[in-house]
Amino acid sequence: MPKGEMYHSLQPPNEPTSLIGTLDMAKHAEKRKSWSQGFTPAALKEYDPIIQGRTNQLVQRLEQQVGTIDLGKWISYFTFDFMADIANEALRLFPAVPTFICRSPKVGGGPVLVAGRVVPEGTNILLPFWALQRDARYFSMPDKFWPERWIERTFHNEKTDGSNPTFIHNQAAFCAFSQGSQQCSGKALAYREMRVVVTMILKKFDIAFEEGYNPQDWEAGLRDDTVIVKDKLPLIAV
Ligand code: HEM
């Protein structure tokens with residue numbers, strides 16, 4: 001299904017249309033070709049020395065810091081949150097894009113049926129990944145940080161039909177990088193970076209929360225703000 005018009009808000013004015021802002025499926029597929037080529041396993045191999053170099057730089061800078069380090073801030077200079085099963089689990093509980101994904105049945109293509117509901121053409125459908133990834137219908141113990149579920153699923157053959165009530169894991173509901181032909185094109189690079197950086201940091205440093213900090217507070221303090229763009233307000237003194 002094509003992206004919805006909400007992606008126009010990600011498009012800076014007077015600039016060529018970005019990949020993410022290209023709603024027409026054919027144009028999108030055309031534009032995406034060069035991205036896909038840039039992220040093939042062969043192409044990504046060439047990134048490894050760059051990632052390694054940047055990680056060394058990060059580790060050196062961290063070593064120079066005195067006192068408590070805001071590791072989250074430093075890691076955010078890379079393009080990810082965390083690694084393989086741990087990364088998946090972190091991204092399941094805390095998707096970097098929690099709500100702002102939009103798809104829209106093509107205008108002129110007629111209504112489409114989504115999960116048993118008729119959606120008229122041109123309707124913007126927002127996909128709340130945060131809620132989806134914490135839904136007990138798709139993941140056992142959905143609010144629990146349980147990286148082993150990603151290994152466990154291979155033993156249970158990813159049964160999603162309810163025939164195994166003791167373990168539920170629906171891979172289709174894992175959308176941290178979105179799904180389908182318009183999903184994140186940097187996904188493979190992101191996983192690669194996560195592996196190198198997290199491994200190196202954990203090898204080099206002992207990490208703990210600042211004394212008195214309650215990690216539960218972090219989730220309570222998260223905000224998902226949509227951006228409002230203001231038009232001119234022609235107010236004059238008369
Ligand atoms: C953990 C890291 C990352 C996460 C969680 C993430 C997540 C996402 C998500 C959810 C989308 C939206 C897809 C949609 O509209 O359905 C997206 C799109 C995109 N991402 Fe990422 N991303 C990550 C890292 C990267 C990196 C490292 C790059 C490139 C260097 C990248 C490049 C892109 C591009 C180009 C798109 C637009 C794809 C398209 O419209 O075809 N991302 N990403």
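Cysteine 184 is in contact with Phe177 and Ser178, leaving aside its neighbours within four places in sequence. Two residues count as in contact if their C-beta atoms, placed from the backbone, lie within 7 Å. This is a predicted model, in which local features need pLDDT of at least 70, side-chain atom pairs count only at pLDDT 80 or more, and totals for chains, interfaces and linings use all residues. Residues are numbered from 1 along each chain as its sequence is written.

Cysteine 184 sits in the loop between α7 (149-156) and α8 (187-204). An unreviewed UniProt entry covers Cys184 with the annotation "binding site". UniProt positions follow the numbering used here, feature names are shortened, and annotations may be inferred rather than shown by experiment.

Serine 178 lies in the loop between α7 and α8. Serine 178 has a positive phi of about 65°, although it is not a glycine. Alanine 115 is not a glycine either, and its phi is positive, about 45°. Alanine 115 belongs to the loop between β2 (112-114) and β3 (117-119).

How open are these places? A residue is buried if 20 or more other C-beta atoms lie within 10 Å of its own, exposed if 12 or fewer, and partly exposed in between, with C-beta atoms placed from the backbone.

| Residue | Other C-beta atoms within 10 Å | Class |
|---|---|---|
| Cysteine 184 | 18 atoms | partly exposed |
| Alanine 115 | 5 atoms | exposed |

Now the whole protein. Buried residues make up 14% of its 238 residues. It has nine helices and four strands. Helices (H or I, at least four residues) and strands (E, at least two) are DSSP runs, numbered from the N terminus. Their order from the N terminus is α-α-α-α-α-β-β-β-β-α-α-α-α.

Helix α1 (residues 25-38) has 14 residues. None of the 14 is buried, so α1 lies largely in the open. A kink of about 35° is centred on arginine 32 in α1. The bend at a residue is the angle between axes fitted to the seven residues ending there and the seven starting there.

Helix α3 (residues 48-64) packs with α8 at an angle of about 35°, their axes 10 Å apart. Axes are lines fitted to C-alpha atoms, for helices over the stretch in contact, and angles run from 0 to 180 degrees between N-to-C directions. Residues that meet there include Ile51, Leu58 and Val59 in α3, and Val196, Val197 and Ile201 in α8.

How values were computed:
The expected span of a helix is 1.5 Å times one less than its number of residues.
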